[in-house]
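Hello,

Here is the structure I promised to pass on to you. Have a look at it first, and then read my notes below.

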Amino acid sequence: MISYEFLTSKKIEEALDYLDKFSKVQILAGGTDLLVNIHKESPRLPHFDYLLDISNIPELKFITLVKNFIEIGPLVTHFRLIEEPLIKGNFPILSTAAQTIGSVQIRNRGTIGGNIVNASPAADLLPPLIALKAEVVLTSKKSERILSLEKFLTGPYKTKLQADELLTKIKIPLLGDGYYTDFQKIGRRKALSIARLNLALVTKIDEKGVFHDTRVVPGSATPYPQSFPVTEESVNGKSIFNIDLEEIGEIVSKEMVSITGERWSTPYKKPAIATLIKRALEKIIKEAKTNEN
Amino acid sequence: MKFSEVNKPVKRVDAYEKVTGKAKFGADLFFPNMLYGKALHSKYPHAQIIKINTEKALTYPGVKAIITAEDIPNNKFGVIIQNQQVLAQEEVLYIGDGIAVVAAETKEAASEAIKLIEVEYKELPGIFDPEEAAKKDAPLIHSELEDNQVVHHRVRKGDVEKAFTQAEVILEREYTTQFVEHSYIEPEAIIAVPYEHNSLVTIYGSIQNPFSCRNAVANVLKVPLNKVRIIQNHMGGSFGGKDEVISSMAARAAVLALKTNQPVKMVNTREESILESYKRHPYKMKYKVGATKEGKLVAMEIKCIADSGAYACQTPFVTWRSVVQATGPYELPSVKTDTYGYYTNNIYTGAMRGYGSPQIVFAQESLMDELADELKMTPLELRLKNIYHNNSITASGQKLDNHQVSLEEVIAKAVKASNYIEKYIEYNKSQLGDKKRGIGMAVSFRGCSLGAEATDAAGAIVAIQRDGSILISSGLAENGEGLKTVFSQIAAEELGVDIKRINYMEVDTSVSPESGATVASRSTLLGGNAVKNAAQQIKRTITEMIADKFKVKSGDLVLRNENIYNKNNNQKIMSFDDAVDLANKLGVFLSAYGWYKAPDISWDEETGQGRPYFTYVYGCQIAEVEVDTATGQIEVLKMVAAHDVGRAINPVTLKGQIYGGIMMALGYGIMEEVEIASGYIKNTNFDEYLIPTIKDMPEIIPIIVENPDPHGPYGAKSIGEPTLELGAPAIANAVAQATGRRIRHLPLNLERVLLGHSLSKGGTKNDIL
């Protein structure tokens with residue numbers, strides 16, 4: 001049994017005070033990962049002496065449009081990502097991904113901030129957030145810094161979050177005109193399913209039907225979600241009318257293996273990841289062609 | 001036949017307390033001064049125990065007692081072969097073996113104290129493959145035995161060797177199935193209360209078979225049966241799974257309760273439950289079938305090897321059902337079947353819904369489709385050419401002449417409802433895109449009740465109270481399937497009263513008549529007949545009493561609509577309540593013990609010939625699937641299930657059985673597997689052991705077929721297990737049609753469907769990549 005002192009606060013300031021004053025503090029948001037790990041006494045869980053419950057801080061529960069960014073509070077639940085018009089309208093990929101997480105109960109409790117900080121290789125929100133070039137705002141009593149989400153992640157279940165820092169905001173730049181997004185996921189069952197593999201695709205298609213600024217981020221494919229630059233470059237410049245999807249599939253498989261090496265699951269993931277990128281591209285191409293007409 | 005209470009969708013008699021949360025389950029019970037028990041499990045799948053030191057643990061605050069094997073009066077128990085250790089004595093034989101149990105004032109203290117128990121082990125090499133265990137020079141799992149064989153059953157019919165020389169087509173195939181967890185929603189729970197009323201110990205809890213549990217506890221304590229009282233609570237599922245594991249827990253709790261003279265409660269966590277509770281047997285099955293070009297089967301040779309794990313548990317009987325049913329419901333002049341069980345250091349295996357049938361039905365029904373393919377026939381044609389009909393002779397030489405053999409009927413109904421013929425043709429054409437559809441069928445026959453395993457009889461008490469209310473008690477136990485409702489319906493039908501008069505009692509082994517175990521889909525058939533018998537005795541008492549007083553013939557009196565009528569003129573003589581009043585006044589006894597003994601059966605263990613079961617049920621399920629051939633995902637679109645049940649006592653609860661059985665089969669077929677590597681279990685909770693959720697549930701069309709059986713109450717037979725044994729092969733056959741590739745190993749997971757073989761994780765279980 002893990003024993004700890006329980007701290008709770010209703011204000012960011014107070015929470016930051018606690019983080020400043022105490023060391024070995026574990027932050028509790030939705031608890032959908034943390035409580036399970038505490039129950040299991042998971043080796044993944046670092047030793048901690050305090051549990052800081054931030055779930056009652058109203059200041060961390062917003063979704064707002066600020067200039068060219070949508071800003072999201074870390075306590076926004078998966079359920080809100082699915083329902084919120086600002087998200088659905090601007091980043092449908094995020095709503096789609098949130099919809100595939102766990103069960104109704106988990107989507108009602110689990111938060112975007114928790115999904116980011118837990119940094120699971122199979123996290124369903126990380127691939128779309130990275131593909132959307134999301135940034136995280138990390139606040140401590142003394143300072144505040146902004147990092148791109150991709151840089152924030154450093155390994156499986158590892159981030160650059162400092163002991164005295166709290167994730168206070170997620171900023172996602174609005175996509176300009178001509179952008180398309182898609183999210184694909186394979187699970188072993190239809191609900192309550194950890195991704196066997198997932199993939200987020202964001203790309204811009206110009207009036208001639210040419211791909212630009214493509215972002216490809218698979219999940220559960222690499223130790224932690226990251227962009228696949230080789231694949232992205234291989235899509236950029238191609239046209240929706242003659243892109244060779246088989247070739248892109250092969251490239252994404254190779255790029256995955258170049259990162260992970262041959263693992264026990266590679267024989268499955270190689271063809272499967274090729275399928276996911278082909279399906280994402282097919283869907284986007286179909287949409288683009290419909291828009292053209 | 002017109003019925004007033006049976007054959008009707010009566011509301012469950014236990015619905016109210018369950019949906020309102022008032023029903024008490026094992027873990028809900030509390031007693032004054034109650035202690036909490038926690039077991040320390042082994043660190044290794046196979047090891048010698050050199051030393052156990054409990055000194056430190058005993059000093060932990062709140063700890064009252066710790067027991068080890070030394071404290072158990074008789075440490076071996078078992079329903080069939082008594083070789084399961086209550087607590088490991090000299091050796092641990094599997095990873096879930098218990099070593100010591102702590103009783104403490106709080107759950108937390110008990111959990112912390114077991115960590116302080118120091119065990120010195122000498123790790124021993126283990127055997128984890130039953131075929132390794134079968135080798136002559138294999139080390140012995142149980143040193144007192146001559147070899148590792150638990151059992152060997154045979155069926156010998158005709159001359160198989162000669163028959164194969166006459167076959168025009170011969171197919172040889174191997175199939176395997178996996179370890180599967182019951183996944184009851186309620187983990188094991190037991191409370192042992194010492195010296196309550198006049199019993200030495202009273203056991204409450206989540207107990208599938210109260211009488212098996214009483215046998216085990218009394219044997220372990222070395223006391224007479226009448227000193228041990230078992231009272232069953234509501235069950236959060238069992239599916240065959242709360243037998244030996246619960247007996248073991250009850251025995252441990254009883255020893256601790258007597259040692260401390262305080263009630264002791266034990267409730268497993270899910271991890272403990274998966275770690276120590278027995279699983280469904282994995283089978284390796286070799287099938288050889290010979291047929292003529294026209295598709296008439298001429299011979300079958302079958303060898304099945306079951307992994308029994310550390311203990312015998314139910315392996316002798318599980319493999320016996322397999323040997324009887326291994327050919328499937330097909331006429332075969334020559335058959336040679338051998339089923340074996342071997343001890344290994346894997347987790348032990350026992351009863352689970354199906355009981356030796358899901359494995360062999362998967363093999364034989366896959367084989368039939370493969371043979372049809374070979375013969376360029378449709379799976380339906382091949383089956384229709386070979387299935388049992390009235391008066392067919394089974395592989396065991398039994399002539400099916402005492403009931404309606406309705407295979408053709410169940411197949412026809414399932415085929416029609418699923419549009420099988422058209423869809424089979426449609427899906428055989430080439431399909432565009434990654435997503436391909438297929439349709440597959442599976443059929444089976446299944447012996448009802450215990451068969452030649454054991455004496456097959458059951459009892460019930462029906463007792464009319466002074467005010468006309470009625471109590472029923474039976475030795476068979478509600479497991480969630482609806483037994484209380486069905487038995488109440490039968491009593492109400494016989495007595496011609498409203499079911500609302502009846503209150504159904506929990507099983508109490510000191511009151512209820514011993515009826516064997518609630519297993520083998522036998523309760524409606526055996527227990528239903530016992531209830532009927534008791535109610536008929538009371539009916540006779542009432543009619544004789546009235547006949548005497550009103551000078552009419554008792555045979556002319558009928559009980560219906562809460563009244564007693566003269567059937568000749570349909571005149572009401574008196575109400576049921578008045579009849580009860582009259583009996584009270586006259587001192588007439590209105591209670592009865594009902595008893596039913598199953599018809600005789602026979603079995604020759606050497607040849608496997610005889611009448612292994614007194615009757616059978618028949619079923620056909622058809623699955624329609626869509627396979628994503630680029631990811632390996634299977635979506636089961638639709639399942640049609642036609643089952644001949646003899647008579648549906650309650651059509652709604654019966655459909656519930658069909659829905660549930662199909663969902664369990666879907667899990668068995670495409671996702672469930674207890675992953676075991678060198679005896680260690682990798683997935684000990686439902687985050688990693690995946691079972692289907694409601695989102696995976698396909699459209700299910702249940703078809704109830706009724707050919708009343710002469711032996712069943714109102715003709716009723718069985719439904720619980722038949723529903724489970726057909727789904728996996730039907731799905732596998734549909735997947736094979738969709739993909740053009742046959743998978744002979746369960747489950748049909750993503751990797752097998754996409755690559756044709758499974759991938760093994762190896763390494764640490766936390767490495768999700």
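Three strands of chain B form an open sheet in the order β6-β2-β8, with antiparallel pairing. Its edge strands are β6 (91–92) and β8 (118–123) of chain B, each of which pairs on one side only. Strands here are DSSP runs of E with at least two residues, helices are runs of H or I with at least four residues, and both are numbered from the N terminus. Two strands pair if DSSP finds at least two bridges between them. Strand β2 (residues 47–53) of chain B meets β6(B) over two bridges, in the antiparallel sense. One residue to look up is B:Q48, whose bridge partner in β6(B) is B:E91.

A word on the model and its labels: residues are numbered from 1 along each chain as its sequence is written, while chains are lettered from A and ligands numbered from 1 in the order in which they are written. The model is predicted, and local features need pLDDT of at least 70, side-chain atom pairs count only at pLDDT 80 or more, and totals for chains, interfaces and linings use all residues.

How far apart are the end C-alpha atoms of helix α15 (residues 523–550) of chain B? They are 39 Å apart, which agrees with the 40 Å that its 28 residues should span at 1.5 Å a residue. The expected span is 1.5 Å times one less than the number of residues. After α15(B) comes B:K551, whose phi is positive, near 55°.

**Domains and chains**

Chain B is assigned domain 1 (15–21 + 457–597), domain 2 (31–124 + 188–267) and domain 3 (283–395 + 402–451 + 604–755); such bounds come from an automatic or database domain assignment. The C-alpha centres of domain 2 of chain B and domain 3 of chain B lie 37 Å apart. Their contact takes 17 residues from domain 2 of chain B and 21 residues from domain 3 of chain B. Two residues are in contact if their C-beta atoms, placed from the backbone, lie within 7 Å.

Between the chains, the contact takes 22 residues from chain A and 24 residues from chain B. On the chain A side, the largest share, five residues, comes from helix α12 (residues 266–292) of chain A.

Enjoy exploring!
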